[in-house]
Amino acid sequence: MRRSSPMMHCGDCLFRREARGVPPARRLLRIRGFTLVELLAALGISLLLIAAVSASLDIYVRVTSAGQVAIERQQVTLTPLDQMTRDVSSVVFSPAGASESGEENGETDSEDTETTIVVENSESTDETASLGLLGDSSSLRLNISRPTRGLNYSAPQTATSLSARTSDLLVVTYFLADPGADGLAGAVANQHFAAITDPTERAMASRGPAGLARLEGDRMAMDHADVEQDDAALAGASQVIAPEIARLQFRYFDGEQWVETWDSVEMDRLPQAIEVTLGFRDAQAEANAPSGLSSVIPIGQTVRHVIQVPLSLPAAASNEL
């Protein structure tokens, strides 16, 4: 009798014996896969996850952009306001009725005899006395004292520019550079736009004010340029320090109320404080504005800051001068 070999009972042989009589279609059905319902459920869950991730990224981008804009505006605000504060702190002014004497109410001290200097006409001392500040709602002119390092000054005959220092007295002016304005404001705005090389950026920037501008120069040279109405020289010494600002307003506190204008020579004193209002350009609203409304500049955030004038006298004391 013939014995069966153990190799005939191997797994491969058994599979072949079982599959020999099974049709090919039924053999394929034995391989399990995903049903249509399972595929639809997996696709729906994937779409929900993608939507959630996209919404989270959108919120993150908007929050990050808003925070970055806020930080940039804060830096833009602090820089010119700090500069204004330093300039206001350096303002010098001598009242027209001030005198260097030991005399009070017509009586002198017999023990101490001092030379009395009485100023009777303020116009005769304009060349040597400080003019304080002169301002209105749109511009501020400060006469400040700021010595140079080393106290090196040029002779008036050799001073060829507004930056050439002939003394420690400077004139600083803040104003809004606007291409539609006349005089210095328009000249500085046109000078600023001419420096922009990109035509698209220049067209967008020229739709409104060029920004907050600052002019600094030697007092003697500034007075000469003002008399000659040399706007080109004044514009060359000016600089736009904050292009993002499209609105500028000043007010002056006299100790009792806020006023729109101030002249230290006429009022014979300095204001107690200066209120500065800065309005930022709304870039998004400006970009979406129709081209026909190019003269209308949307203002976004507005910042109000009050600067104290250190050398100002109290209201009661100033009225007694």
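**The open sheet and its surroundings**

Reply: In this predicted model, six strands form an open sheet in the order E7-E6-E5-E4-E3-E10, and their pairing is antiparallel. The edges are strand E7 (238-242) and strand E10 (262-263), each of which pairs on one side only. Strands of a sheet pair through backbone hydrogen bonds, in either a parallel or an antiparallel manner.

Helix H4 (residues 184-194) lies across strand E5 (169-177), strand E6 (211-218) and E7. The direction of H4 makes an angle of about 75° with E5.

The sheet belongs to a chain with 10 helices and 12 strands. Among the helices is H3, which covers residues 36-89. H3 has 54 residues and spans 79 Å from its first C-alpha to its last, close to the 80 Å expected at 1.5 Å a residue. Buried residues of H3 include Val76, Thr77, Pro80, Leu81, Gln83, Met84, Asp87 and Val88. An α-helix has 3.6 residues a turn, so residues three or four places apart point the same way.

For the chain as a whole, 29% of the 321 residues count as buried. Of the contacts with a separation of 6 or more, 71% are between residues 24 or more positions apart. The accessible surface amounts to about 21000 Å², and carbon and sulfur atoms contribute 54% of that area.

Conventions: Residues numbered from 1 in each chain as written. Predicted model: local features only at pLDDT ≥ 70, side-chain atom pairs only at ≥ 80, totals over all residues. Heavy atoms only, no water. Helix = DSSP H or I, 4+ residues; strand = E, 2+ residues; numbered from the N terminus. Buried < 20%, exposed > 50% of the residue type's maximum accessible area, 1.4 Å probe, protein only. Contact = heavy atoms within 4.5 Å. Areas by Shrake-Rupley, 256 points an atom, 1.4 Å probe, with all protein chains shown as cover. Pairing = 2+ DSSP bridges. Axes fitted to C-alpha atoms, helices over the stretch in contact; angles between N-to-C directions. Expected span 1.5 Å × (residues − 1).
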